[in-house]
Amino acid sequence: ATFWEFYHTTDNPTGLTTTIGGSITGTQLSGQLNELFVYLDGPPSGSDTTEYQYRKIHVKNASTVTLTGVRAWVDAVEHSEQIAIGIESGNGQFTTGTTAPAKVEFFQPNTYTGGLNIDTLATTQSTGIWIRQTLSGINEPDPYATLRVNVGGLK
């Protein structure tokens, strides 16, 4: 049975200067390289400059039952210092590519137990997950870092 599906948002541009975020669309994520993040030249190695990039996805309960204890976390992160996630408070938030969305706290959970609490998702209900990429000259930035977003819950 399929429990989770991941979808793009209404505003998912290929650049950094336009609006990002919004409501869920009918377009599922394919998981392809460069599907979410824009190539961003990282700061030069050794500099204390940091660049941020934000993207939003939606996770939807695709099952036929309400799921409780729902949490989100990341794993298979190629460069753990570069990726953090946050759960949207309210639906339809927007930002620009390099500005943090309001009222979203970012964390780096890597297990279900430590995952971000989504709580309960009824059938077809969704919520936004924001992903922040941090490129720092001190950590030798890799703009092609990969990750996997996981969601789990109980029937």
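**Briefing: sheet, cores and aromatic pairs**

Tyrosine 112 counts as partly exposed because its relative accessibility is 30%; the class lies between buried (under 20% relative accessible area) and exposed (over 50%), with a 1.4 Å probe and protein chains only. The model is predicted, so local features need pLDDT of at least 70 and side-chain atom pairs count only at pLDDT 80 or more, whereas totals for chains, interfaces and linings use all residues. Residues are numbered from 1 along each chain as its sequence is written, and side-chain values use heavy atoms, with hydrogens and water left out.

**Sheet**

- An open sheet is formed by 6 strands in the order E5-E8-E3-E1-E2-E6, with antiparallel pairing. Strands (E, at least two residues) and helices (H or I, at least four) are DSSP runs numbered from the N terminus, and two strands pair if DSSP finds at least two bridges between them.
- E5 and strand E6 (94-96) are the edge strands, each pairing on one side only.
- On average, neighbouring strands of this sheet are turned by 45° against each other, direction ignored. Axes are lines fitted to C-alpha atoms, for helices over the stretch in contact, and angles run from 0 to 180 degrees between N-to-C directions.
- Strand E2 (residues 19-28) pairs with E6 in the antiparallel sense over 3 bridges. Isoleucine 20 stands opposite threonine 95 in E6, and glycine 21 stands opposite phenylalanine 94 in E6.
- Strand E1 (residues 4-11) and E2 also pair in the antiparallel sense, over 3 bridges; here threonine 9 stands opposite isoleucine 24 in E2.

**Nonpolar cores**

- The largest nonpolar core holds 19 residues, of which Ile129 and Ile131 touch the most other members. Such a core is a set of buried Ala, Val, Leu, Ile, Met, Phe, Trp, Tyr and Cys residues joined through side-chain atoms within 4.5 Å.
- At least two residues of this core come from each of strand E3 (50-61), strand E4 (67-75), strand E5 (83-87), strand E7 (116-121), strand E8 (126-136) and strand E9 (148-154). E4 supplies the largest share, 4 residues.
- Neighbours within four places in sequence left aside, the contacts of isoleucine 131 include Leu36, Phe37, Tyr54, Ile57, Ile83, Ile85, Phe106 and Val149; contact means heavy atoms within 4.5 Å.
- Another core, of 6 residues, lies apart from the largest one; among its members are Ile20, Tyr54, Phe106 and Trp130.

**Aromatic pairs**

- There are 3 aromatic pairs in the structure. Rings of Phe, Tyr and Trp (its six-membered ring) pair if their centres lie within 6.5 Å; planes under 30 degrees apart count as stacked, over 60 as edge-to-face and the rest as tilted.
- Tyrosine 54 and phenylalanine 106 form a tilted pair, at 5.6 Å centre to centre and 55° between the planes. The partners are 52 residues apart, with tyrosine 54 in strand E3 and phenylalanine 106 in the loop between E6 and E7. Both tyrosine 54 and phenylalanine 106 are buried.
- Tryptophan 73 and tyrosine 112 form an edge-to-face pair, with 5.8 Å centre to centre and 85° between the planes. This pair spans 39 residues, from tryptophan 73 in strand E4 to tyrosine 112 in the loop between E6 and E7.
- Tryptophan 73 counts as buried because its relative accessibility is 14%.
- Ring pairs join Tyr52, Tyr54 and Phe106 into a cluster.
- Arginine 71 lies over the face of tyrosine 112, 5.5 Å from the ring centre; the criterion is NZ of Lys or CZ of Arg within 6 Å of the ring centre and within 35 degrees of the ring normal.
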